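Here are my notes on the model you sent. They are set out as numbered points, moving from the overall fold to single residues.

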Amino acid sequence: GAGPSGRTFDFSFSARAAPEMIDELGRLLVNACAVVPGGVVVFFPSFKYADDVYARWVKTGAMGQLSKHKSVFREPRTAAKVEKVLRDFAVAVRNVRNEWNSASTAAGTTPTTARGEGGTHTDSQYHSRAAGGLAGSAKASRAGAVMLCVCGGKLSEGINFKDELGR
């Protein structure tokens, strides 16, 4: 298949690290997250590749664009942190859905969620506090959350990203 700019995707081991390939994947994910409601789950073949892609997206601004549409979560390497990240992801997805339902019913508007630093992944300026709710001047239009996971990681084993948690 091809990405948004027409570049053919090639995620073979020898080609997947090319900056152009990572950039095209970032454009695809940003475009998808702009229109897909709820949660989006993305799986990478390894933590190393996920880290490389994440670093590239931060450098190019793709992560900033993505965070305008969804709260961004990353699978932690330590098993002790997995449950909290998964819970925060689910809360971010469900809070936005619940806020949208109640706000759109009451006022005919689309709600926003707080953009803030912190959370479960300390090096991520794009990770929003999942329970931030509606905030004053720091509003960003969002519709759910995206979880960046690793095949063979804890989140790929027995976790059911059903309904709004995984589109």
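1. **Composition.** The protein has 4 helices and 5 strands. Keep in mind that this is a predicted model. Read from the N terminus, the elements follow the order α-β-α-α-β-α-β-β-β.

2. **Burial and surface.** The protein holds 167 residues, and 44% of them are buried.

3. **Contact range.** Take the contacts between residues at least 6 apart in sequence: 68% of these link residues at least 24 apart.

4. **The sheet.** Three strands form an open sheet in the order S1-S5-S2, and the pairing is parallel. S1 (39-44) and S2 are the edge strands; each has a single partner strand, so one side of each lacks a neighbour in the sheet. On average, neighbouring strands are turned by 20° against each other, direction ignored.

5. **S1 with S5.** These two strands pair in the parallel sense, and 6 bridges join them. Within the pair, Val41 stands opposite Met147 of S5. Helix H1 packs on the sheet and touches both S1 and S5. The direction of H1 makes about 160° with that of S1.

6. **S2 with S5.** Strand S2 (residues 71-74) runs parallel to S5 (residues 145-150), with 4 bridges between them. Ser71 has Ala145 as its bridge partner in S5.

7. **Met147.** This residue belongs to strand S5. Its relative accessibility is 0%, under the 20% cut-off, so Met147 counts as buried. Which residues does Met147 contact, leaving aside neighbours within four places in sequence? They are Val40, Val41, Val42, Phe73, Arg74, Glu75, Val85, Leu86, Phe89 and Leu155. Arg74 lies 73 residues from Met147 in sequence, yet their C-alpha atoms are 5.7 Å apart.

8. **H1 against H3.** Helix H1 (residues 19-35) packs with helix H3 (residues 62-69). The axes are 9 Å apart, at an angle of about 10°. Angles under 35 degrees count as roughly parallel, and H1 and H3 are therefore roughly parallel to each other. H1 contributes Leu29, Val30, Cys33 and Ala34 to the contact, where they meet Ala62, Gln65, Leu66 and His69 of H3. By class, the residues of this contact are 6 nonpolar and 2 polar, with no charged ones.

9. **Glu24.** Is Glu24 buried or exposed? Glu24 counts as buried because its relative accessibility is 0%. Glu24 sits in helix H1. Not counting residues up to four places away in sequence, Glu24 touches Gly3, Pro4, Ser5, Gly6, Arg7 and Phe9.

10. **Where to look.** One is Glu24 in H1, with its contacts to residues including Arg7 and Phe9.

Methods:
Residues numbered from 1 in each chain as written. Predicted model: local features only at pLDDT ≥ 70, side-chain atom pairs only at ≥ 80, totals over all residues. Heavy atoms only, no water. Buried < 20%, exposed > 50% of the residue type's maximum accessible area, 1.4 Å probe, protein only. Pairing = 2+ DSSP bridges. Contact = heavy atoms within 4.5 Å. Axes fitted to C-alpha atoms, helices over the stretch in contact; angles between N-to-C directions. Parallel < 35°, antiparallel > 145°, perpendicular 65-115°, else oblique. Nonpolar A, V, L, I, M, F, W, Y, C, P; charged D, E, K, R; others polar.
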